[in-house]
Amino acid sequence: EGKISEFLFKKFGGTTAKFTWVGGEDKDSLVLGSGRPFFVKLQNPFKRKISIPKKIISDSVIINNFKIISDPPIIPIRFYSSIRLEISTENDILAVNMKKLKDITGKPVVVYEKSGKRSEKIVSNLKYKKTSKNHFTLFIKAEGGLPIKRFVDGDDVTPGISPLLNDKCTCESFDFLEVDLK
């Protein structure tokens, strides 16, 4: 944010820059691929109309698809994330149970919030690879807003990985491989 703000202040002037990121992640998660989309609201710019290339390289930051928009989006941006999850199980993984994971694909995953709000997210693609007797890597492409750790342990998310495998599963780590706007 600091590098991008510095670039924007240099080009447009202004007093403050407020960032709004599309989606969110765990503090230990990486966002790989082309990064995470975002919006910046620049307060009191001195210049408003400047010709800027779609791709900007400034120091160690690359901004792709740079655009100036008149108004920020009113409704939340819909997006899909490709995610790699490292999952451990309490017991040995059974192949027959792993095949049950494919049942999630294309069907709604229901997320219940403490506030009583209910939402549905779609997992459009799912692959897994067993890496040891009680550890596997799961690759999913899911609609944005799916709470990953809760999805794994089955806490107010149906279906969840733990209930499907009939085992206590723990999400050891997860990284975003790509974030795509719909």
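Across the interface of domain 1 and domain 2 in this predicted model, 6 residue pairs are found in polar contact, both members of each pair having a pLDDT of 80 or more. Salt bridges, by contrast, number 0 between domain 1 and domain 2. The face that domain 1 turns to domain 2 is made up, by class, of 4 nonpolar, 5 polar and 4 charged residues. In terms of contacts, 13 residues of domain 1 meet 8 residues of domain 2.

The size of an interface is often expressed as the accessible area that is lost when the parts come together. For domain 1 and domain 2 the buried area amounts to about 790 Å², with carbon and sulfur atoms contributing 50% of it. On the side of domain 1, the residues that lose the most area to domain 2 are Asp26, Leu30 and Leu32, which together account for 42% of what that side buries.

The two domains themselves comprise residues 1-64 (domain 1) and residues 80-180 (domain 2), and their centres, taken over C-alpha atoms, are separated by 31 Å. Along the principal axes, the C-alpha atoms of the protein occupy a box of roughly 60 × 35 × 25 Å.

The secondary structure consists of 4 helices and 10 strands, which follow one another along the sequence in the pattern α-β-β-β-β-β-α-β-β-β-α-β-α-β. Strands of a sheet pair through backbone hydrogen bonds, in either a parallel or an antiparallel manner. In this protein, 6 strands form an open sheet with antiparallel pairing, in the order β9-β6-β7-β8-β5-β10. The edges of this sheet are taken by β9 (157-158) and β10 (169-181), each of which has a single partner strand, so that one side of each is left without a neighbour in the sheet.

Over the whole structure, a search finds 6 salt bridges. One of these is formed between the side chains of Glu143 and Arg78, with an N to O distance of 2.5 Å. This pair links distant parts of the chain, given that Glu143 lies in strand β8 whereas Arg78 belongs to the loop between β4 (61-63) and β5, the two residues being 65 residues apart.

Note on methods
Residues are numbered from 1 along each chain as its sequence is written. This is a predicted model: local features need pLDDT of at least 70, side-chain atom pairs count only at pLDDT 80 or more; totals for chains, interfaces and linings use all residues. Side-chain values use heavy atoms; hydrogens and water are left out. Domain bounds come from an automatic or database domain assignment. Contact means heavy atoms within 4.5 Å. Buried area is the accessible area (1.4 Å probe) that two parts lose on being put together, summed over both. A salt bridge is a side-chain nitrogen of Lys or Arg within 4 Å of a carboxyl oxygen of Asp or Glu. A polar contact is a pair of N or O atoms within 3.5 Å; within protein, one must be able to donate a hydrogen and the other to accept it, and residues adjacent in sequence count only if both atoms are side-chain atoms. Ala, Val, Leu, Ile, Met, Phe, Trp, Tyr, Cys and Pro count as nonpolar, Asp, Glu, Lys and Arg as charged, and the others, Gly among them, as polar. Two strands pair if DSSP finds at least two bridges between them.
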